[in-house]
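Here is a short briefing for a reader meeting this structure for the first time. Please look over the sequence and the 3D view before reading on.

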Amino acid sequence: MTIMTYADAAKLAIAQAMRADQTVWCVGEDLGRGGVFKQYSGLVEEFGPERISDAPISEAAIMGAAFGAAMAGTRPIVEMRFADFALCATDELVNQIAKARFMFGGQSRAPMVIRKPMGMWRSSAAQHSQSLESWYAHIPGLVVCCPATPQDNYSMMQAAIACDDPVVYLEHKNIWAVEGEVDTSQTAEFGKAELRRAGADVTLVSWSHTANLCCDAAEMLARDGIDAEVIDLRSIWPWDKAAVLDSVRKTGRLLVAHESVSVAGFGAEVVATVAQTVPLKTLPKRLGSPRGLIAYAPNLEDQMRVTAPMISDAARSMMETVPA
Amino acid sequence: MNLSNFDRDAGMARLTMMERIRAFEETARRAAVDEELVLGAIHLSIGQEAVAAAVIERLRIDDYILSTHRGHGHTLAKGAKPEAMMKELLGREGGCCGGKGGSMHIADFGVRMLGANGVVGANITIAAGAAHGIKLLGGDQVVVCFFGDGAANRGPFLEGVNWAGVFNLPILFVCEDNQYSASTLTSAMTSGNVADRARALGLRTTEADGNDVTTLAATAVEITDRIRETGTPEFLLAKTYRISGHTYFDPATYRPEGEADHMRDTNCPIARLRTELAAAGVADADMDALRRAAADEMDSALDAARAAPWPADTTAFIDVQDIGSPAQEAF
């Protein structure tokens, strides 16, 4: 067990995979200098510039070329710098990478990890702050992963590199420096949620950094005598329906929280699935950003932010709600 | 025409390939029009066969090609079996993509044909990446990426060609300039010359008559041998003409009256090669026999495709993804 940051945990998983498998390589802008968030620092010194490859500012080519290289027998880790910039490579991801195996009748695979740092981070404004994970969950062919802790950024990166499907790997920019214990013997599986806190009164479902906020909210609720269970989905496709359903069967209350826009967000999928499967004590609830844009000024940025107090308030109100 | 070093056997081999491509597409068109067996759009390369035949002739089985929505010729030339291709066009079991792709996504990884593409220009970055993969793995294969003149106006053209230059990759970009972007004259939508764009990106660039299969094949040998030797990308602009419409049901009325007929009469690559072969002493009857053999081969492919069943319904859920596949979704 070692204490390390969220950024270093993923880097460790990458370095270990690159030592074990010569076909694993990383490609993206500025990687030779450690990447924009230094999440690759030191790797070029060990693995050289061919396997920690710089790239022109050509998102479509980074994504498309990595895909071609995957079909030719390598296992690329693609760095998109900001999830927002990955939109420049949408055709390559959605029309090509996600569909090739199916369209070609199973002749090809795209074993790729597509890293897209996402989320609100220090007045980054509308083009550097988005959380678009629900878009990717909507695309058959993709695995969508949103780790929230250093442990998961280690274990899930390891799983993503080993995976023969393309994995959209969304790391949250606000927690690069967050430290936590990492047990390198611990593995993770896509579609298996992490029970972050056991509780009997209300089920909080989340992923990415908002799962951490749910843990904070659960502590606030505990002070009021409300025992919240926190389920961190970790991957939203596939997602652990069984864990969520088992939990709400126990608690009878569901609150899904995420940083992304509430409208048509993945929370709606979770709520719909639960609502048509399990009778609840109260109406289920989702909490996400208003369908607004993320601004530069901190007070404006905060208008779009889901916070731990908002989560605990929403959960508390569910305890008071009359039965559904 | 210089007959002194004309290779009759090579000429007959090229004629065979071009007749097979022409016959495959004429057969597919009949299957679409007369029998409604081909359900989706197919894009014919009638008039453009020389580019596929000439450029791919020199390639090894382990070299890669990537193609376009107009990809039957490239696929056949790389060595795919017409029966599996025809089954794919009909959406049948045994099609090279199991009936999931159809004409626009035809692929045969067994002969390293990494797919046609339904998105114009999208294959350019992917092809550059296949070459990148070869380089990383230390292979000596080359990649040939075919695309049309219209694709040169898409962003991936700049990004993909630049990529190949920056990383010095073993790839030949082949722009098949058939003069039309669907129903629009490409020259009206293109600033400057496409070959100049490749030159500006630092690639050694050759401009060629794409309907002169004999000369083009010699040019392609030089270029692909050089790429294999040096590992350095090059660009080939092959001027050709799409005698057929954009799709098989496109009457192509946007073209000046008589233009396609004139090109068919004066610039058909098959007719031009027949003239060369006749001058070299090949009897018309021998050349006609190749044409009949090609037609018979493709008729047999169509018969087999017609007789093949639809793919099993359950295959709709297969080969989407291993993890979280629709087949595993319980509710």
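The points below cover strands, a sheet, the contact between chains and a helix pair. The model is predicted. Chain A and chain B meet in a contact that takes 39 residues from chain A and 37 residues from chain B. Chain B holds an open sheet of 5 strands.

**Strand S2 of chain A**

- Strand S2(A) covers residues 24-27.
- Val24(A) and Cys26(A) point one way from the strand, while Trp25(A) and Val27(A) point the other way. All four are buried.
- In a regular strand, side chains alternate between the two faces of the sheet.
- Val27(A) has Val78(A) as its bridge partner in S4(A).
- S2(A) also runs parallel to strand S3(A), residues 52-53, with 2 bridges between them. Here Cys26(A) has Ile52(A) as its bridge partner.

**The sheet of chain B**

- The strand order is S1-S2-S3-S7-S6, and the pairing is parallel.
- Strand S1(B), residues 64-66, and strand S6(B), residues 204-209, stand at the edges. Each has a single partner strand, so one side of each is left without a neighbour in the sheet.
- The twist averages 20° from one strand to the next.
- S6(B) is joined by 6 bridges to strand S7(B), residues 234-239, and the two run parallel. Glu207(B) stands opposite Leu237(B) in S7(B).
- Helix H2(B), residues 49-57, lies across S1(B), S2(B), S3(B) and S7(B). The helix runs at about 165° to S3(B).

**Where chain A touches chain B**

- The contact takes 39 residues from chain A and 37 residues from chain B.
- Helix H3(A), residues 59-71, and helix H4(A), residues 90-103, each supply at least two residues of the chain A side.
- H3(A) gives the most to that side, with 9 residues.
- By class, the chain A side has 20 nonpolar, 13 polar and 6 charged residues.

**A helix pair in chain A**

- Helix H8(A), residues 241-251, packs with helix H9(A), residues 266-275, at an angle of about 55°. Their axes are 11 Å apart.
- The two helices are therefore oblique to each other.
- H8(A) passes H9(A) in a right-handed crossing.
- Lys241(A), Val244(A), Leu245(A) and Val248(A) in H8(A) meet Val270(A), Thr273(A) and Val274(A) in H9(A).
- The residues of this contact divide into 5 nonpolar, 1 polar and 1 charged.

Terms used. Residues numbered from 1 in each chain as written. Chains lettered and ligands numbered in written order. Predicted model: local features only at pLDDT ≥ 70, side-chain atom pairs only at ≥ 80, totals over all residues. Buried ≥ 20, exposed ≤ 12 C-beta atoms within 10 Å, placed from the backbone. Pairing = 2+ DSSP bridges. Axes fitted to C-alpha atoms, helices over the stretch in contact; angles between N-to-C directions. Contact = placed C-beta atoms within 7 Å. Nonpolar A, V, L, I, M, F, W, Y, C, P; charged D, E, K, R; others polar. Parallel < 35°, antiparallel > 145°, perpendicular 65-115°, else oblique. Left-handed = near helix turned anticlockwise from the far one by under 90°.
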